[in-house]
Amino acid sequence: MDMSQYRDLFISESREHLRSLSDLIVALEKDACDKDTINSLFRTAHSIKGMAASMGYGAIADLAHKMEDLMDRVRKGTLVYDTGAADLLLEGTDFLEVMINDVECEAAGECDISGLVERIAGYSSKEALATVSRPGKAEATGPEKISLLYQAESPHAMREGETQQTVRVRTSVLDSLINTTGELITNKHRLMNIGREAGSERLDGAIGELTRLLRELHNEVMSVRMMPFATITDRFPRLIRDLAKKSGKEVVFEIAGSEIELDRGIIEGLSDPLIHILRNAVDHGLEPAPERLAVGKAPTGKIRLTTCREKDRVIIVIEDDGRGMDPATLIAHATAKGLIKPEEGWMMSPQDAFMLTCIPGFSTAGEVTDVSGRGVGMDAVRSAVQSLGGSLAIESEVGKGSRIILSLPLTIAIINVLLAAAATLTIAVPVTNILRTVELRRSVISSQGKQKVFHMGEEAVPLLSLNRIFGLPLTRLTGDVIPVFVTEMKGRKVGLVVDRFLGQQEVFIKPLGRPLAKLKGLAGGAILGDGESVFILDMANLV
Amino acid sequence: MKDGTKRLLIFNVQERRYALGLQDVAEVMEPPPTFPIPRAPGWFKGVMNFHGSLVSVLDLAKFLKIGSAVRPGKVLVLDRCIASLALMVDRVETIVSDDNVLGEVAGSEPMVAKVLNTADGEVKLLAVEALLAELEETMNREV
């Protein structure tokens, strides 16, 4: 029988099982006696074994079988589940992942699992009995102890009796659905333009109805593209466990709000930035246990990842109770590296000082210290978050810890933009990147050296000309007011002067493809209702 | 024409003869309206709306530093699997089967893969990948 048609299904289902496997292995370390988790672990390994055996993937079935046997021993009480058992099972999960990737790539299996299979089969731990049999004392024991608390409900668990009324759909179909919806929206704007010229009430009525239906379609399409945040956070307990073990630190990791849903485009783009932030928190934010004890803190550091919905945005907060950051030290470091002028440092607020960690060049590999460490890769993180239409803020207190706050839109493919004219160009700025728009009277513009600025409250905001950035002829603005939109570039507020505002519109972002995708400062393009092509600014990389 | 035979699209730029594999060209069209591309090098004419996709239009003569496209000219839209790029050329000469190629030598110019010898004279076969790589390389350079 030709099983190849079932291969894709096997791969996607196995990966789902692998995700819950890692999650369960780490969760069981917190409470080694939790019967539900033990049973779930056993069942998950059993499912992988069964699926692989029926597809003829012998090595995968063998390894899953041995993992299932180990969990069976735990279930029967003949083996104590300890860090050693967790390590072996996680190693097994890694191997299974590699082997499933091989199945996907149709690569000849080169994984030698014989050693691991033997170690799993022969595993017994007497030393661990003392630690795990006293779970109440476990958290306060030696430096190797890593306690992880994972509060999110498993998204993969299905309630008993619940009928499965879902079908699997290829992600390419979901992308195609949003593309078609985007094209329909573009065409709606085209019809609106025609309607304005025709002055027909009947046409206007039909366009009104089309607009309502399109909004409904857009919402429905967006809802099927939504994926739970757990899709990426599932692997974080494992990540933190590995990082903590490597750095010899004690870490409690908590996750809340993993059930919140976001567009798959955003979920995919968030994974790397979050891993970076979490890695920085473990490596540079949290102090080693002796240092924590010396300042009167609990030896176990705490990292918390919280997600919540606020209107049409998702707020993700990563906080730790580590050493925190000192604004003055950050300013001194940035000044010493020539990233800011001394006088800029004097006027800097603590919030702006924390954002210095996101300036390219603040941290460079090879000279990571407690000061610069929090900035490792943060320029890339902020750039990735901004590309998704989001923003990043940092709060910190010396000795208390740090909070990194990401604010993201729920969706990215169809966005609202502000259209503005700069010489011969029409450009589009995602409204999520705009702090405010202002029409400045000339009298409120002053000079600081060669730099023109205006004041937003106490803060002097530098003014830059978008025409100049794009190398376009400067337009002589003859009116009383100068149109400016305030945005954040490289962690600082900037006022960008344009020739005029053209209005706000919903647009469907189109990728630029080769070779234009290499052009810095552009996040994509869009086609307006009148057929005009415009470019969407990527504020993170504009200058 | 026998199976497996490739066809070549032969076109002119500043009186020179160039060719592309016909399979690399999605469409040959009259020059469409284009919109300016911010900060792009001067050899980009702009961006066009090609059946709902954004495609950049390159003045090939300008890029090859042999002048500038002669109007009205033609636009050769490359297959979307290769790039979102269209080449503005002076005119399309003909389509020939590669049976008509009598001989070939390696190209000595950077963007030329081969120089083909046909009954009607020499034709330079464009090296599409090299052209794209050079466009990407020079994209953010002041020109």
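**Close-up 1. Salt bridges where chain A meets chain B.** In this predicted model, the rule finds two salt bridges across the interface of chain A and chain B. A salt bridge here is a side-chain nitrogen of Lys or Arg within 4 Å of a carboxyl oxygen of Asp or Glu. Take the pair A:Arg514 and B:Glu129: they form a salt bridge, with their closest N and O atoms 3.0 Å apart.

**Close-up 2. Polar contacts and the chain A side of the interface.** Eight residue pairs, both at pLDDT 80 or more, are in polar contact between chain A and chain B. That term stands for a pair of N or O atoms within 3.5 Å; within protein, one must be able to donate a hydrogen and the other to accept it, and residues adjacent in sequence count only if both atoms are side-chain atoms. Which elements give two or more residues to the side of chain A that touches chain B? They are β17 (522-527) and β18 (533-537) of chain A; helices (H or I, at least four residues) and strands (E, at least two) are DSSP runs, numbered from the N terminus. β17(A) gives the largest share, four residues.

**Close-up 3. How much the two chains bury.** Here 25 residues of chain A are in contact (heavy atoms within 4.5 Å) with 24 residues of chain B. About 2,200 Å² is buried between the two chains, and carbon and sulfur atoms give 63% of that. Buried area is the accessible area (1.4 Å probe) that two parts lose on being put together, summed over both. On the chain A side, A:Arg514, A:Pro515 and A:Leu519 lose the most area to chain B, together 33% of what that side buries.

Close-up 4. Look for B:Thr138 in the segment after α2 (128-137) of chain B. B:Thr138 counts as buried because its relative accessibility is 4%, and buried means under 20% relative accessible area (1.4 Å probe, protein chains only), with exposed over 50% and partly exposed in between. Its side chain reaches the backbone oxygen of B:Leu135 at 3.4 Å. Leaving out residues up to four places away in sequence, B:Thr138 touches B:Pro41, B:Trp43 and B:Phe63.

**Close-up 5. A:Ser200 between two helices.** A:Ser200 sits in the loop between α8 (171-198) and α9 (201-225) of chain A. At 25% relative accessibility, A:Ser200 counts as partly exposed. The side chain of A:Ser200 reaches the backbone nitrogen of A:Arg202 at 3.4 Å, and a polar atom of that side chain lies 3.0 Å from the backbone nitrogen of A:Leu203.

**Notes.** Residues are numbered from 1 along each chain as its sequence is written, and chains are lettered from A and ligands numbered from 1 in the order in which they are written. Local features need pLDDT of at least 70, side-chain atom pairs count only at pLDDT 80 or more, and totals for chains, interfaces and linings use all residues, while side-chain values use heavy atoms, with hydrogens and water left out.
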